[in-house]
Amino acid sequence: MLEKIKELLAETFGISENLINEDTSITDDIAPSPEDLSEFLMNLEEVFDVDISEDEFDEMLTVGDIMERLKSEGIEE
C-alpha cells in the first residue's frame, strides 16, 4: 500500500518517491496546490476503490494517516 501511495504522490506532485515515507506531511513536506490535492484524492479513490470526502481528506496530515484510512476500509496492500 505504501508503495502505491508513494507512486501516486510522486506522479501527482512531481517529487521523488525516495522522499516519501509514512511520516511525510502532505501539507508541510509536499506543499501541494489545492488543484493538485484534488487530483491526488481522485487518483487515490480510483486506485484503491474508496470514497473519501474532501473534509475527511483534509484531516489526513501524513502518508501514515492515509494508510490508516485505507486500512479502515479493509485495504491491506
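Let's start at E77, which sits in the segment after α5 (63-72); helices here are DSSP runs of H or I with at least four residues, numbered from the N terminus. The model is a predicted one, in which local features need pLDDT of at least 70, side-chain atom pairs count only at pLDDT 80 or more, and totals for chains, interfaces and linings use all residues. Residues are numbered from 1 along each chain as its sequence is written, and side-chain values use heavy atoms, with hydrogens and water left out.

Is E77 buried or exposed? Its relative accessibility is 65%, so E77 counts as exposed (exposed is over 50%, buried under 20%, partly exposed in between, with a 1.4 Å probe and protein chains only). Leaving aside residues up to four places away in sequence, E77 touches M1 and F48, where a contact means heavy atoms within 4.5 Å. F57 lies 20 residues from E77 along the chain, and their C-alpha atoms are 20 Å apart.

Now step back to the whole protein. It has five helices and zero strands, giving the pattern α-α-α-α-α along the sequence. Its C-alpha atoms fill a box of roughly 30 × 25 × 20 Å along the principal axes. Of the 77 residues, 40% are buried. Taking contacts between residues at least 6 apart in sequence, 57% join residues at least 24 apart.

Finally, a look at charge: the protein carries 4 positive and 25 negative side chains, and the centres of the two sets lie 8 Å apart. Lys and Arg count as positive, Asp and Glu as negative, while His and the chain ends are not counted; each charge is placed at NZ of Lys, CZ of Arg, CG of Asp or CD of Glu.

How values were computed: Helix = DSSP H or I, 4+ residues; strand = E, 2+ residues; numbered from the N terminus.
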